[in-house]
Amino acid sequence: MKRLIKGALLPVLAVLLSACQSMGAFPTTEAQVAASEPQAPALDIQSWQTAEGARVLFVASDALPMLDVRLVMAAGSSRDNGVAGLSSLTSALLGEGAAGLNVDDISRGFEDHGAQFDVGSYRDMGVVELRTLSDPEFRDPVLTLFNQVIATPSFPQDALDRIRTQMMQGLRMEQQVPGPQVKKAYMATVFAGHPYGEPSDGTLATLPAITREQLVEFYNTYYAAGNTVIAMVGDVSREQAEQIAGQISQSLPEGGAAPPQSRAQALTERKHEHINFPSAQTHILLGNQATWRGNPDHVALYVGNMVLGGGGFASILTDEVRQKRGYVYGIGSGFSAMASGGPFQVSFKTANENADDALSLTLKLIDDFVESGPTETQLEEARTSILGSFALGTADNSDIIGQLGAIGFYDLPLDYLQWFNQQVQNVTTNDIREAFQRHLVPANLAIISIGPQAPEVKAVGDDLQAGEQGGVVDGEK
Amino acid sequence: MKKWIAGLCLALWAGVAGASAPTHSFTLDNGMKVIVREDHRAPVVTVMVWFKAGSIDEAPFETGLAHVLEHMMFKGTEHLGPGDFSRLVARYGGSDNAFTSYDYTAYYQQYEASRLPLALELEAERLGSLQIDDEEFHRELQVVLEERRMRTDDNPNALAWEKFQAIARPGTGYAHPVIGWRSLLAQLQPEQARSWYQRFYVPGNATLVIAGDVSREQVEPLVERFFSDLPAGETPPRPEQSVRPAAGERRLALTMPVKVPALYMLYNVPSLVTADNKQDFYALTMLAGVLDGGMSARIETDLVRGQKLVAGAGASYSGIQRGDGTFTLSAAPNPEVSLEEVEAALREQIVRLQTTLPDESEMARVRAGVLAGQVYEKDSVMGQAMELGTLSTLGLNLDLSETFADELARVTPEEVQRVAREWLVPERLAVAYVTPPAEQQQRSTLEATQ
């Protein structure tokens, strides 16, 4: 595993030289740090299949007397099948009742033992999580209860009505603020006609019509053992882990994996959507369908995006739009690869009077990047950054269970993280430029906004340095 | 039946504490405190620098200054231009940021462990030689104004909360928002930032926390190398805090562009720092747990599920503060439930705490959550650094979390009742109703009845 990293040494030295040129002898420790090989410990992932067809991924860690279990199902809102909010409601009702147990029994049962039970619902995934102390005095009763909760969920009508009301109040509260509204409009526009375009948490129109029978059916179909990944990290042995996973798998409904869904199509022309809202800032989202899990260009897009807008203060967008001009507090870009699609997205918020300028500048920066790709120096800096940050991504049990869930759910090889690092080392500026050009047509990026008035795209000159000398920015006027 | 849980947990927790890696602290000649927490689970390190300077140290005309200075710490120094700091951090795979609160300002960098020397050199650089350029200051002020628009101005609940704090903690440094009142924030000048930096950013006012895959032997020479030459300067005095007399019952009616009304209630209570009787801190912690320690606690059981009055509600005690603590209740009602009804139900919960002893099983559940939580917290190196930095900055014992469970176990039902009677009283209470404009209210009632 360490040998993977050695190849990175040469590029690191190149970065060091360029750094020295621009900043003199400071920092004095940079040479030492640049020369030291960042550790990238491999996760020792054990994996097997249960008799009922669940895939298990397990990492033993005895550093702390605790155990994390995460079930990941293909049970997200992309399976709502026209009933927006069905997956979210189903997930939210887990733990509200099971055979012979009401919600008070269940919540006391977990909390008396210091255990934390949680559920979540996303576009691809439904997630059920448990964190418990690993000492059998705690672990055993907690796991027994957990298995009851997933084996015999009762979906009580009274809980359905209560949680539905809570979700609807939540939707009304979202209308008070600009962010959630523009995000929903963005997904609806970019994924029009695809399940990803539907709101995961439903609407004020769809939620009232959802019935208990629909929840039961959704659960039996999509929370089936064969549609589930069981991820575990913590202080238990392989033998114990097998036993725990086996019991969980037997507790889940019988059934196989949900069929794959058709891949979302990219917009082939620019769409503008604007929501009028009396906010002090205009929120702007730019994007289009661009990638998916399994895209062979995944690493090239990831590394390139670090340079463009995914690398925080080291990225072009933050440098130009925040640092040099003070238009925004934050700006970022990203590709989020999901099972049957994944948008490229840029988002920022800016004072209304700066909205035209910030939008036009951002589009120009994206245009330039897609056309030219990163420079060799930019690529080397992104590479050093990604390889150097590897250890932070698997440092604690919370990180590790997240990695296991994703590796299992998206059917990635167990050495995926090492493979990814290797790819990061091999990727070239050409690969990145070509990948961006293959997957991203800047002229087709949708522009979705919310604010007192729709922002307009203006021509931006090639001299992007103008803002740097401009002194106090436009907001003062 | 439930009692065994506490005993078991205690024994188990003792085992974990014994196995956990040590904490070292020492002080440099120039007065800077250094705390090292060894955690060798993964090859990572978190470096934090904490300053005893926050919003409560601001004069009324300079609200927001502590936070603006925090932003300027990422701009120029003797050797670094604007943005260079974070670019260097990112280049070596780290992440960095900072946060300003009422009681302190803190900076952090997280890395793979071999990056430690760089992290320390960068922190020493900005502690020793920050340079605040006029133009950069004004540009960054625009960024902070965007931050304020995003966090507060465009969120009616945040705006309501800010107005509520002004009456909830009157006459204290906690009555103004950390980000500053908009009109004053917009007028801040670079000279004020320079003077803030000179006054508070001296070694004797700072705590350096290093947590992760490090040893004291490895850390100490590095810390000496980068920090010991910084001149001691003068450590600014901060007034000692004690429990404030009751301010009287306060009520605020706010009409805001909300779709769902909101209720805020806040009692002024002692913190661990200001309490004359430190046991009050633990009893209030227990009380908050009984009320809102989870899905099985009283607010969820009675108000959310039982009476179905609220879509969401919460109670929390913030007792780790330099000044007095706060006991806060907040609620978003269900449709067609009035704020008056919700307030009455919450007050009934307070009366119940004052008149009926909490059940032993409820208290055992709170203790179980706290004990398990202490194990779970150790999962995060950053979390450990945060805890050490907070405690050091507030002058509290670094082993607070080790003794916390024992102290909590000593709290009796009678003590919970005593603190409810002593501190959760009307003359210590502020209440805010946040409601939509009248015309909008009608619309949402219609919608609710459809």
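Reader: How many residues of chain A are in contact with chain B?

Author: In this predicted model, 73 residues of chain A are in contact with 71 residues of chain B. Two residues are in contact if their C-beta atoms, placed from the backbone, lie within 7 Å.

Reader: Which helix gives the most to the chain A side?

Author: Helix α7 of chain A, residues 157-174, gives the most to the side that touches chain B, with six residues. Helices are DSSP runs of H or I with at least four residues, strands are runs of E with at least two, and both are numbered from the N terminus.

Reader: And how does that side divide into nonpolar, polar and charged?

Author: The side of chain A that touches chain B has 28 nonpolar, 30 polar and 15 charged residues. Ala, Val, Leu, Ile, Met, Phe, Trp, Tyr, Cys and Pro count as nonpolar; Asp, Glu, Lys and Arg count as charged; the others, Gly among them, count as polar.

Reader: What should I know about the numbering and the model?

Author: Residues are numbered from 1 along each chain as its sequence is written, while chains are lettered from A and ligands numbered from 1 in the order in which they are written. The model is predicted, so local features need pLDDT of at least 70 and side-chain atom pairs count only at pLDDT 80 or more, while totals for chains, interfaces and linings use all residues.

Reader: Chain A on its own, then. How many helices and strands?

Author: Chain A has 18 helices and 13 strands. Its C-alpha atoms fill a box of roughly 70 × 55 × 40 Å along the principal axes.

Reader: How much of chain A is buried?

Author: Buried residues make up 52% of the 477. A residue is buried if 20 or more other C-beta atoms lie within 10 Å of its own, exposed if 12 or fewer, and partly exposed in between, with C-beta atoms placed from the backbone. Also, among chain A contacts between residues at least 6 apart in sequence, 82% join residues at least 24 apart.

Reader: Now chain B. How many helices and strands there?

Author: Chain B has 17 helices and eleven strands. Its radius of gyration is 24 Å, close to the 22 Å that the globule rule gives for 450 residues, so chain B is as compact as a globular protein of that length. The C-alpha trace spans about 65 × 55 × 45 Å along its principal axes. Of the 450 residues, 53% count as buried.

Reader: Which domains is chain B divided into?

Author: Domain 1 covers 20-227 and domain 2 covers 250-449. These bounds come from an automatic or database domain assignment. The C-alpha centres of the two domains of chain B lie 29 Å apart. Their contact takes 33 residues from domain 1 and 27 residues from domain 2.

Reader: Which element gives the most on the domain 1 side?

Author: α6(B) does, with nine residues. Elements that give two or more residues there include β1 (23-27), β3 (44-51) and α6 (156-168) of chain B. That side of domain 1 divides into 17 nonpolar, nine polar and seven charged residues.

Reader: What does UniProt list for residues 33-177 of chain B?

Author: An unreviewed UniProt entry lists them as "domain: Peptidase M16 N-terminal". UniProt positions are given in the numbering used here, feature names are shortened, and annotations may be inferred rather than shown by experiment. Over that stretch of chain B, the chain is 43% helix and 19% strand, and the end C-alpha atoms are 29 Å apart.

Reader: Let's zoom in. Which residues of helix α16 of chain B are buried?

Author: B:Val416, B:Val419, B:Ala420 and B:Trp423 are the buried residues of α16, which covers 413-423. Seen down the axis of α16(B), they fall within an arc of 105 degrees, so they line one face of the helix. The arc is that of the directions from the helix axis to the C-beta atoms.

Reader: What do they pack against?

Author: The buried residues of α16(B) pack against β8 (262-269), α10 (279-292) and α12 (339-355) of chain B.

Reader: One more: is B:Leu122 buried or exposed?

Author: B:Leu122 counts as buried, because it has 29 C-beta neighbours inside 10 Å. B:Leu122 lies in helix α4 of chain B, residues 116-129. Not counting residues up to four places away in sequence, B:Leu122 touches A:Pro27, B:Phe85 and B:Leu88.

Key:
The radius of gyration is taken over C-alpha atoms; the globule rule is 2.2 Å times the number of residues to the power 0.38.
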